[in-house]
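Me: Could you walk me through this structure, with the cut-offs spelled out as we go?

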Amino acid sequence: MLRITVHQDGGRYRLELAGKLGGPWVGETENVWLSAPCSGKEIEVDMREVTGVDDAGRKLLAAMHKAGARFIAQGVAMMALIEDISGEPRSDGAKRQRRRKNLPQN
């Protein structure tokens with residue numbers, strides 16, 4: 001099950017998703033995204049409450065990204081998914097750091 005809520009702030013729209021983006025909910029999300037009020041507008045997709053995404057959901061998110069949608073996500077799995085789809089580094093302000101072993105030099 002997926003809850004889809006549409007928020008409007010001027011010319012900007014935000015789709016707030018909560019639950020699993022899979023099965024019949026992918027088509028429903030696509031219908032909402034392509035609906036008259038959202039179509040052709042700057043859109044933000046809030047995925048902070050998404051618990052899972054199937055292959056069809058992933059394809060929809062990729063299409064949304066290609067059309068200019070911006071994603072908000074949290075959690076390791078969702079952040080990795082959005083990073084993979086967008087090809088952009090994480091936007092949550094977190095920095096990745098590599099640990100170096102301090103080995104004695106001879």
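Reply: Happy to! A salt bridge here is a side-chain nitrogen of Lys or Arg within 4 Å of a carboxyl oxygen of Asp or Glu. This is a predicted model, where local features need pLDDT of at least 70, side-chain atom pairs count only at pLDDT 80 or more, and totals for chains, interfaces and linings use all residues. Residues are numbered from 1 along each chain as its sequence is written, and side-chain values use heavy atoms, without hydrogens and water.

Me: By this rule, to how many salt bridges does the count come?

Reply: Side chains of opposite charge can pair when their charged atoms come close. With the cut-off above, the count comes to 7 salt bridges.

Me: Which side chain meets Glu44 in a salt bridge?

Reply: The N to O distance of this pair is 4.0 Å, and the partner of Glu44 is Arg14. Glu44 lies in strand 3 (residues 42-53) and Arg14 in strand 2 (residues 12-21), so the pair ties together parts that are 30 residues apart in sequence. Strands (E, at least two residues) and helices (H or I, at least four) are DSSP runs, numbered from the N terminus.

Me: At roughly what angle do the axes of helix 2 and helix 3 cross?

Reply: Axes are lines fitted to C-alpha atoms, for helices over the stretch in contact (heavy atoms within 4.5 Å), with angles from 0 to 180 degrees between N-to-C directions. The axes of helix 2 (residues 55-66) and helix 3 (residues 76-86) come within 9 Å, and they cross at roughly 55°.

Me: What is the average pLDDT of the protein?

Reply: pLDDT is the predictor's confidence in each residue, from 0 to 100. A score of at least 70 is reached by 78% of the residues, and the average is 83.

Me: Over which residues does pLDDT stay under 50?

Reply: The model has 4 contacts beyond four places in sequence for this stretch, which is residues 91-103.
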